[in-house]
Amino acid sequence: MNSLVVYMFLGASLAAPIGPVKTVLLNTGIKRGFFHAWAFSLGSVAADILYMFIVYFGVGQFIESPLIKIILWSFGCFVLLYTGIENLLTLNKVEMSLKFGKRVRLRTSMLTGFLMSLMNPLTIIFWLGIYGSILAKTAGGSTGYQIIFNSGAIMLGIIIVDVMMAFLSSGARKFLSVRLLIIVSLISSLSMIGFGLYFGIQAYQALF
């Protein structure tokens, strides 16, 4: 039981830092509410589970291919730059979206979360690096059931943090003024653009 708590805490601590995926999650909660933010996080968790299986079954070396890395860095750069710039261009519509609600299907938010997490190089680095190391360390002295339980505890920690972020971001829109919401959206947009440029630099450096 203590081991499960440790792994759950590990998952929560790894999910807590504000990276590109969490930035979009918070922005989604502010603009569209809790359910869209939660759907986005479910899509992100689905991508995490996919990578967990990839690493578990030993095909992680395929992702470490230089060509695949360049593709992932480049795609991450494109998605984050596009999303960040689009948010900047629609800052003046924040008030309208609060009053009338932007009609976006939940499955669209879920698909966005899945694709962003799937193509996020930082997510891949985590699952190949940290989770791969955990498997290497525990595989020798653990049963298959223990590895499954430990992996489930990591995912539970990630889900708890995602729910908290979705709740806080959707709750914030009720208490913040439109002006403050615009400022928050501006900061998150600039953050996405910053991550996008970072990914672009990594893709450029990987070419040479």
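Which residues does A15 touch, not counting residues up to four places away in sequence? They are K22, I158, V161 and M165, where contact means heavy atoms within 4.5 Å.

Ground rules. This is a predicted model, so local features need pLDDT of at least 70 and side-chain atom pairs pLDDT 80 or more, while totals for chains, interfaces and linings use all residues. Residues are numbered from 1 along each chain, and side-chain values use heavy atoms, without hydrogens or water.

Back to A15. It is found in helix α1; helices here are DSSP runs of H or I, at least four residues, numbered from the N terminus. A15 is buried, with a relative accessible area of 5%; buried means under 20%, with a 1.4 Å probe and protein chains only. D162 lies 147 residues from A15 along the chain, yet their C-alpha atoms are separated by 7.6 Å.

Now I158. Beyond its neighbours within four places in sequence, I158 contacts G11, A12, A15, V45, D48 and W127. W127 and I158 have the most contacts inside the largest nonpolar core, which has 35 residues. Such a core joins buried Ala, Val, Leu, Ile, Met, Phe, Trp, Tyr and Cys residues through side-chain atoms within 4.5 Å. Helices supplying at least two residues each include α1, α9 and α10.

Next, a helix pair. α2 (residues 20–32) and α3 (residues 34–56) pack at about 155 degrees, axes 8 Å apart. Axes are fitted to C-alpha atoms over the stretch in contact, and angles run from 0 to 180 degrees between N-to-C directions. The two are therefore roughly antiparallel, the word for angles over 145 degrees. Among the contact residues are V21 and R32 of α2, and H36 and F40 of α3.

Key
Parallel < 35°, antiparallel > 145°, perpendicular 65-115°, else oblique. Buried < 20%, exposed > 50% of the residue type's maximum accessible area, 1.4 Å probe, protein only.
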